[in-house]
Amino acid sequence: MRIRALALLGIIAGVCLLLLTLQMRGSVGGAADALAVVTTPVQTVLARINRATLGVWGTYRDWKNVRVENRRLREESQRLRVEALRVTETDAENHRLRRLLTLKESLPLETMAGEIIAREWGGWVRSLTVNRGRGDAVARLTAVIAPDGLVGRIVDVRTGSSVVQVLTDPASSVGAHVVRTRTPGVIEGEPRGTLRFKYMPRDGGGLQIGDLVVSSGLGGLFPGGIPIGRVRTIDDRGSALFNYAQVTPAVDFARIDEVLLLTGGIMRDVAASFKSDG
Amino acid sequence: MRTFLAIAVLGGGVAHATVGSALRIADVAPDIPLIVVVLLALRRGPEFGCGAGFAAGLLQDAATGGLLGVQALTKAVIGFAIGALGERLTVSQPLVQVPGLVLLSLLEGLARFGLLQLFHFPAPFGGLLMYVIVPQALYNGFLGAALVLALAWAEAVRSRPS
């Protein structure tokens, strides 16, 4: 057995050395060609299998890469969305402040800008807290306005802040008139957060839906001509002495962030400082 | 069984040049035919190891376009030696398999280099040892051990009574 194996090894070694010698002399092309006839088809099949396997593997890797890429893009998208929100927010704030500044510059009154730092929206009381207080020489009953119209009045002055009673507060009442007809009345807040235009004379009222209601300037608390809201519905009480109307506030009290406090000379009409079409 | 052996020997020789690249790590590819020859020689003895080494090596030579007979001779010698020594070696442990295959691969590489030197192969020994022979030997050691473990596990599963 051992001798047979050794003989086989000897023969193989002899064949190999012979092959190598013949190749070095350049005369064994036939043997290589003959082997190629066997190896080439096998190699072709294996290469195809290899390519298919690598294709599956490549697809899997692509899929993994896509997942990673997807996650990265999602994170980036989220970051950009936050960034966009921040930019939008800054843009909106910039827009608001520009409007406030424009109003401040156009008003023939002394004003002081303030920022809303709290809101009370329970229904019993509807108020805003502004970051101007005793230190800023804010007086009680100071009128508070915004670029869209009248907000309310200061009812409580504290050290670093003041509480503004907004028009929709049930205890709020402001002398007003309709711009188009000069119909006088009183705007009062209602518990449900709306405004009511009261005490309009039945005769000669002639209100229409959409009429603009502004402060009348009577009473000395608010300058005349500040937009309060627009007539939404008219409540005809038949034989009652007065008519009533529901008014949509000109200012969105839930969204307002900056206001102007009118600190002096409030007896002048300021209607020209507000954009209104009637 | 014979068919399987033939596929293992002949396919291994050709597959090395074709699919071996898929197993490449850091530009080092394992010598699959050598591993196959060693495993077969350990199980079937020196005669089969010698023949398998010759066939696999010859096909490898032909497939890779090298000098016909170089790997045929080195692998035949390795197959013979391992087949002859296999009965005296305890090769069931990975701690033996890994260094054993590393050593065999080194020997095969050195033998191939020596043989090629006889036929005026121009490559420098240092570079070849550092970048080809040693990394491939290490790769062969670990891949061969993994293959042995996988075969042992497959045999254990097959012989388990159902």
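Arg96(A) counts as partly exposed, with a relative accessibility of 22%. In this predicted model, Arg96(A) forms a salt bridge with Asp257(A), and their closest N and O atoms are 3.3 Å apart. The pair links distant parts of the chain: Arg96(A) sits in helix 2 of chain A, while Asp257(A) belongs to the loop between strand 11 (242-249) and strand 12 (258-264), 161 residues apart. Asp257(A) is also partly exposed, at 22% relative accessibility.

**Charged pairs in chain B**

- Over all chains, the count of salt bridges comes to 17. Side chains of opposite charge can pair when their charged atoms come close.
- Which residues of chain B are linked in a network of salt bridges? They are Asp31(B), Lys75(B), Glu108(B) and Arg112(B).
- Within this group, Lys75(B) forms a salt bridge with Asp31(B), and the closest N and O atoms are 3.0 Å apart. Lys75(B) is part of helix 4 and Asp31(B) is in the loop between helix 1 (2-19) and helix 2 (32-44), so this pair ties together parts of chain B that are 44 residues apart in sequence.
- Are Lys75(B) and Asp31(B) buried or exposed? Both are buried.
- Asp31(B) also forms a salt bridge with Arg112(B), where the closest N and O atoms are 3.5 Å apart. Arg112(B) lies in helix 5 (residues 94-118) and Asp31(B) in the loop between helix 1 and helix 2, so the pair ties together parts of chain B that are 81 residues apart in sequence.
- Asp31(B) counts as buried because its relative accessibility is 1%, under the 20% cut-off. Arg112(B), in contrast, is partly exposed, with a relative accessible area of 21%.

**Chain B as a whole**

- Chain B has six helices and zero strands, so the pattern along its sequence reads α-α-α-α-α-α.
- Of its 162 residues, 49% count as buried.
- Chain B exposes about 8,100 Å², and carbon and sulfur atoms supply 70% of that area.
- Among the contacts in chain B with a separation of 6 or more, 69% come from residues 24 or more positions apart.

**A closer look at helix 4 of chain B**

- Helix 4 (residues 70-85) has 16 residues, which should span 22 Å at 1.5 Å a residue; its end C-alpha atoms are 23 Å apart, which agrees.
- Why is helix 4 of chain B described as largely enclosed by the rest of the structure? The reason is that 13 of its 16 residues are buried.
- Gly83(B) is found in this helix, and Gly83(B) is buried, with a relative accessible area of 3%.
- Leaving out residues up to four places away in sequence, Gly83(B) touches Ala41(B), Gly45(B) and Pro46(B). The C-alpha atoms of Gly83(B) and Ala41(B) are separated by 4.5 Å, although the two are 42 residues apart along the chain.

**Chain A as a whole**

- Chain A has two helices and twelve strands. Along the sequence, the pattern is α-α-β-β-β-β-β-β-β-β-β-β-β-β.
- Buried residues make up 38% of its 278 residues.
- Residues 24 or more positions apart account for 59% of the chain A contacts with a separation of 6 or more.

**Places to visit in chain A**

- Helix 1 (residues 2-24) has 23 residues and reaches 33 Å from its first C-alpha to its last, close to the 33 Å expected at 1.5 Å a residue.
- Its buried residues include Ala5(A), Leu9(A), Ile12(A) and Ala13(A). Just after this helix, Gly26(A) takes a positive phi of about 75 degrees.
- Leu54(A) lies in helix 2 (residues 29-106) and is partly exposed, at 39% relative accessible area. Together with Trp57(A), Tyr60(A) and Trp63(A), Leu54(A) forms a nonpolar patch on the surface, with about 450 Å² of accessible area.
- Ser162(A) is in strand 5 (residues 162-166) and counts as buried, at 0% relative accessibility. A polar atom of its side chain lies 2.4 Å from the backbone oxygen of Arg132(A).
- Not counting residues up to four places away in sequence, Ser162(A) touches several residues, among them Leu128(A), Val138(A) and Ile154(A).

Methods
Residues are numbered from 1 along each chain as its sequence is written. Chains are lettered from A and ligands numbered from 1 in the order in which they are written. This is a predicted model: local features need pLDDT of at least 70, side-chain atom pairs count only at pLDDT 80 or more; totals for chains, interfaces and linings use all residues. Side-chain values use heavy atoms; hydrogens and water are left out. Patches are made of residues with over 30% relative accessible area and no salt bridge: like charges are joined within 9 Å, nonpolar side chains (Val, Leu, Ile, Met, Phe, Trp, Tyr) within 5 Å. Accessible areas come from the Shrake-Rupley method with a 1.4 Å probe; for residues, only the protein chains shown count as cover. A salt bridge is a side-chain nitrogen of Lys or Arg within 4 Å of a carboxyl oxygen of Asp or Glu. Helices (H or I, at least four residues) and strands (E, at least two) are DSSP runs, numbered from the N terminus. Buried means under 20% relative accessible area, exposed over 50%, partly exposed in between (1.4 Å probe, protein chains only). A polar contact is a pair of N or O atoms within 3.5 Å; within protein, one must be able to donate a hydrogen and the other to accept it, and residues adjacent in sequence count only if both atoms are side-chain atoms. Contact means heavy atoms within 4.5 Å. The expected span of a helix is 1.5 Å times one less than its number of residues.
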